[in-house]
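Hi,

Here is the structure I promised to pass on to you. Have a look at it first, and then read my notes below.

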Amino acid sequence: RLEGVGRRCAGRVEVKHEGQWGTVCSYGWDIKGAAVVCKQLGCGSALQAFWSAEFGRGSGPIWLSSVHCQGTETDLSECSHEEWGKHYCGHGWDSGVICSSKESASSLPLRLVNGSTACSGRVEIQVQGTWGTLCDSHWDISDAHVLCHQLNCGFAESIPAGGHFGKGIGPVWRDTFHCDGTETNLEQCPVTALGVSPCSPDSNAGVFCSGPSGSLRLVDRGNRCEGRVEMLLHRMWVRVLDDQWDLNDASVVCRQLQCGKAEQAYNPPKPERGMGPVGLRRVQCAGKEARLTLCNTSLPEAAPAGIAEDVGVVCSGDAGSRQVRLVHRAGRCAGRVEIYYNGTWGTICDDSWDLLDATVVCRQLGCGVAVALTGSAHYKEGSGKIWLDDVNCSGDEAALWDCPARPGGQHNCRHGKDAGVVCS
């Protein structure tokens, strides 16, 4: 598949192996490899091959490296390559391609940047190979609806004020879209490109999309990984009812939300029950499914109308309970590094702190790359726990807590050595 711009025929090359999607190292990558990908996807011929994560860095394994194709193969795996998973690459070398299919050749490459989910963020457009932000001077909810639909992100829930998702680092595109909300992509909307007013780099368009149909959320407990289950269905958040709700069902919810393991499956007490429409009235999961919609489910009209109760889950929060932030900074992307763990915010000791460690923080926050690091409490001393010491990242980790470090919050530090970072 091709990822990173919301189009089927252009983007970062990803392959699925052993049930997991991963990327292709651009060592050895050329137009012949790109041609095989385009042919395999039914996307015509290759117009251009890309190196160095042109369509954004992927995550997970790097499955292929040293790929050498003749261009006549029908499947990328038929080309010569290193054994699966063997590489000397980081995700900064992920390969990409643009194919000749009209679907991609006539469509603007789009992406959302700096959001907390894949379906929220600053709107960026690639023009002649350069990514830039979209001016928000005439950006409205109808334009945002079209963008969300185009990126398979449901519908637009809201559009925040310009600059909400941070300042972009490329040019500011001043084109104004005039969508009525029914178009399938932004290129179908009338555009004003000439005579538009100048736009500040801080005045960029952003959007919070609902996410694709079937998305889940947990409500009423003030915790992303605990609460009553609701599902997005037909552009509306709906309730899930089940009087035989169990840990197998809850395990699927926690997995889909990346909230660790299911600790409890429950039916909320009456004061916590929902009042909105019902989307599902029975769920029977084996416990291994990736999404709740892959379980044996019943829509309200297909299930008995007898008594059924709202459902809730408590997840361990392995993914959701740990967070990272930058404190005492002029902008969102510079400051003292703090980690939230076991319900408490704490700092990081600057012992062994280097640009590879800082790079992981910047990428995790959607703040570009690390341009400088600080120590000795440059951004003032923190308080509370010192969660990490002797951090030793390779630079490819998805999160700071994936890096080697002293175990269990052990350290020989004081807050006068709190670490910080400046991101691009």
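The protein has five helices and 28 strands, and please keep in mind that the model is predicted. Of its 424 residues, 47% count as buried. The accessible surface comes to about 20100 Å², with 49% of that belonging to carbon and sulfur atoms. Among contacts between residues at least 6 apart in sequence, 69% join residues at least 24 apart.

Now for the inside. In soluble globular proteins, nonpolar side chains tend to be buried together. Here the largest nonpolar core has 24 residues, and V229, M231, W245, V253, V283, L292 and V313 have the most contacts inside it. At least two core residues come from each of β15 (216-223), β16 (226-233), β17 (236-240), α4 (247-256) and β22 (312-315). Helix α4 gives the most, with four residues. There is also a second, separate core of 23 residues, which includes C333, I348, V361 and C393.

Is V229 buried or exposed? V229 counts as buried because its relative accessible area is 0%, and buried means under 20%. This valine lies in strand β16. Leaving out residues up to four places away in sequence, V229 touches L216, R217, L218, V238, R239, V240, W245, V253, V311, G312 and V313. One of these partners, R239, is 10 residues from V229 in sequence and 6.8 Å away in space, C-alpha to C-alpha.

The other is L292. Beyond its neighbours within four places in sequence, L292 is in contact with residues including M231, W245, V253 and V283.

Enjoy exploring!

How values were computed: Residues are numbered from 1 along each chain as its sequence is written. This is a predicted model: local features need pLDDT of at least 70, side-chain atom pairs count only at pLDDT 80 or more; totals for chains, interfaces and linings use all residues. Side-chain values use heavy atoms; hydrogens and water are left out. A nonpolar core is a set of buried Ala, Val, Leu, Ile, Met, Phe, Trp, Tyr and Cys residues joined through side-chain atoms within 4.5 Å. Buried means under 20% relative accessible area, exposed over 50%, partly exposed in between (1.4 Å probe, protein chains only). Contact means heavy atoms within 4.5 Å. Accessible areas come from the Shrake-Rupley method with a 1.4 Å probe; for residues, only the protein chains shown count as cover.
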